[in-house]
Amino acid sequence: MMNRSQAQKQLQGKSVEAGGTLHRLCVRQSVPVTIYLDGSPIEARTGDSLLAAVMSAAARLRINEFDGSPRGGFCAMGACQDCWIWVEGRQRVRACTTLVEEGMRLSTTATVMGC
Amino acid sequence: MTDQNNTPVVIVGAGPAGIGAAAVLVAAGLRPILLDEGRAPGGQGYRKSDPALGLNLAYAQEPEYKAIHALFERLRDKIDYRPETLAWSVDAGSVFTAFRGSVASEGIPFGRLILATGATDKVAPVPGWTLPGVYSLGGAQVLLKDQGCAIGQDVVFYGSSPLLYLAAWQYLEAGALKVTVLDTTPFSAKMKASAAIASVPKLLRQGLGLIARLRMRGITMRHGVTDMAIHGDGRVEGISYSWKGRRETRACDGVAIGHGLRSEIQLAELAGCGLAYNALFDQWQPVVDADGRGGSGVYLAGDGTRIGGAVAAELAGRIAASACLADLGHAVDAAEVAELKRRRDAHWRAQDGLARAFAWPRKGFAELPDATVLCRCENVTAGQVRGIAKTMTGIPDINRVKALSRCGMGRCQSRMCGLAAIEVAAAARGEAPANLTHYRAQPPIKPVAIPTSSQEVA
C-alpha cells in the first residue's frame, strides 16, 4: 500500500505510455478533438465519453483515495461512481456520462482544493 | 383528488417500462413528464448505438427493440421529455432533479408518480475486481454499443447470467479478437430450468442458438467455475479459477462480471414504498400489487421492481399506467389489461427460470479471501466486514455494518457492493441474508452539484 504522493509520483507520465485497456473496434465518424490527460494529448472524436477516450489511451482514470491503486471505471452507466475525474480548474466529472470537448485538460489526481 | 388530476403524472426512466407507461397515458389524453437520466431514450438494454460508429449489431434488428424506439418517436411531441435529468429524491409529492449533474432549484410536483428506474448489474466481487480492465457485464455492453470499444482484446465474460453469452456474441459480431465465457453455474441447472424458460419460447431458442454459435466459433465456455481471481500489475493481465477439481489460469486483458440484475430501488424507498426480500433474485425489491401500485400515488414497473427483461418491462409499464389512469377516474379496458398481465406473467415465469438456472454464487461469499475488496468506493475488504458482522450484538442490520466498516458508505451508496456485503456478513454470522435487512436509501441517491457553490455533495 502506498500513500497518495507516492502513487502520484509512480504514475506520473506513465498513464499514457502504458497504453489503454479499452480496445477500439471502430472510430466514430465525427469531428476529431484533442484532450489532455495529465498533460499528454489523447486523440478522440466528438461523441466519445471521457471514459472511452481516456481508457483507450491510458490504463487509469483516477487513483483510489485509500490505497493509491489505479481505477478505470466499472459500470459505464453512471451507477458505480468509480470514474470521477478532475477537469483542470473545474469540478470533478463522471467520465462515463461526460462527453469529450476540444482542449479539455484532465487530471487523474486532485487539481482543486477541497474536492 | 382535484389537485392530483391537474398536476402532471411524472415518469422516472425512459427504458421500455417508462416508454410503455407514457404511451398509455398519452392515449388517454395526458401529457406526462418523462425524466431520463440518459442522453437518449431506450434505457440500458435498448440503448441506441450511435450511427456514427457504424456498428451493425443484431440486437438493433430485433422487432422489440425497433418497436420501442418507434413508439418513443411517435410520443416525443406528446410528452414533456427531459433527457440528462437525474431524479435524485422524492419527497412530499415532488421529484427532485439535476440536469447534467447540477440540481434544479425547485422540485417537480407530481399528481401521480410512475417509477421505471430499471436495474444495474448484480455483481459478486472477486479478488482483483478493482483493476482497470474489469467492467460490469452491462458496462462492457454499453462501452461496445455507445463507444465502439471492447474492454480488451482478449476478454473473459465471467459470472452467472444468460447475458454472458449474449455479450460474448455481440463482441465477436463487432470484431473483438478473443472471448471466453466462464459461467459459475452448472450446465445441469440450465437443463432443469429449461421448461420454465420456455414460458417465452423465443428466449429459450435464442439462448440455445447463442451457445451453439459460440461453440461453432470454437469459443471456450466453462460451466461451474469457482474461486475466480483476477491478476495484474495495475491492469488486468490474467485470471485463475477452479473448474472440475483443477486450477486453471488464463491470460486476458479484460474481464466482464455479471450475475444478473439488481433493481434500482432507492427512489421507491424514498417515495414511501415498502420493500420485501425476493429470495429467488437475492435482493430487496418494492412491494407492489398485481398492477404495480406501490401506495400513496406511486406506481412501479420494469426491472426496478421485478427482474423481467425488456418485454415484461414495457408490459408492466402499460399496466402500471392503466392502474394510474383508473385511480385518476379514467375508464380503463379491463380485458386489455388482463391480456397485458397474461403476457407479462409469462415473461416473469421465464425470468424466474433464468434466475434458477443462473444462480447467484451464494456459497462463494463464505470462501472469498479476507483481503478481497468489497466496497470499491471506500476500499473495505471482506475481512473487515466479517470482523464487524461477527461481533455485532443486538439486532443484526447491514446499516450498522455499514456505519462501523464504511462498506457501502461511498459515492455509489452500496449499488455495487451492497448485495455482496449482505451475503458476506450473513455468512460470517451464519444467518439468512434477509435477516440483515437492506441498505437504506439516502438522498441525493447519486452525487449532484449545487450550482451556486460548484461543490459536489454526496
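Start by selecting helix H14 of chain B, residues 418–429, in this predicted model. Eleven of its twelve residues are buried, so H14(B) is largely enclosed by the rest of the structure. A residue counts as buried here if 20 or more other C-beta atoms lie within 10 Å of its own. Colour the buried residues of H14(B): they are Gly418(B), Leu419(B), Ala420(B), Ala421(B), Ile422(B), Glu423(B), Val424(B), Ala425(B), Ala426(B), Ala427(B) and Ala428(B).

What covers the buried residues of H14(B)? Show strand S19 (261–263), strand S21 (283–286) and strand S24 (373–375) of chain B, which are part of the cover.

Just after the helix, select Gly430(B), whose phi is positive, at about 70°.

Now zoom out to the whole of chain B. It contains 14 helices and 27 strands. Its radius of gyration is 22 Å, close to the 23 Å that the globule rule gives for 458 residues, so chain B is as compact as a globular protein of that length. The C-alpha trace spans about 65 × 55 × 45 Å along its principal axes. Of the 458 residues, 54% count as buried. Among contacts in chain B between residues at least 6 apart in sequence, 69% join residues at least 24 apart.

Colour chain B by domain. Domain 1 takes in 2–121 and 262–354, domain 2 covers 134–259, and domain 3 runs over 362–436. The C-alpha centres of domain 1 and domain 3 of chain B are 31 Å apart.

Finally, bring chain A into view. How many residues of chain B are in contact with chain A? There are 46, and they meet 34 residues of chain A. On the chain B side, select strand S9 (119–121), strand S10 (134–136), helix H4 (137–147) and strand S11 (149–150), each of which supplies at least two residues. H4(B) gives the most to this side, with five residues. By kind, the residues of chain B that touch chain A divide into 19 nonpolar, 17 polar and ten charged.

End at S11(B) and strand S1 of chain A, residues 23–24. These two strands pair in the antiparallel sense over two bridges. Select His23(A) to find its bridge partner in S11(B), Ala150(B).

Key
Residues are numbered from 1 along each chain as its sequence is written. Chains are lettered from A and ligands numbered from 1 in the order in which they are written. This is a predicted model: local features need pLDDT of at least 70, side-chain atom pairs count only at pLDDT 80 or more; totals for chains, interfaces and linings use all residues. Domain bounds come from an automatic or database domain assignment. Two residues are in contact if their C-beta atoms, placed from the backbone, lie within 7 Å. Helices (H or I, at least four residues) and strands (E, at least two) are DSSP runs, numbered from the N terminus. Ala, Val, Leu, Ile, Met, Phe, Trp, Tyr, Cys and Pro count as nonpolar, Asp, Glu, Lys and Arg as charged, and the others, Gly among them, as polar. Two strands pair if DSSP finds at least two bridges between them. The expected span of a helix is 1.5 Å times one less than its number of residues. The radius of gyration is taken over C-alpha atoms; the globule rule is 2.2 Å times the number of residues to the power 0.38.
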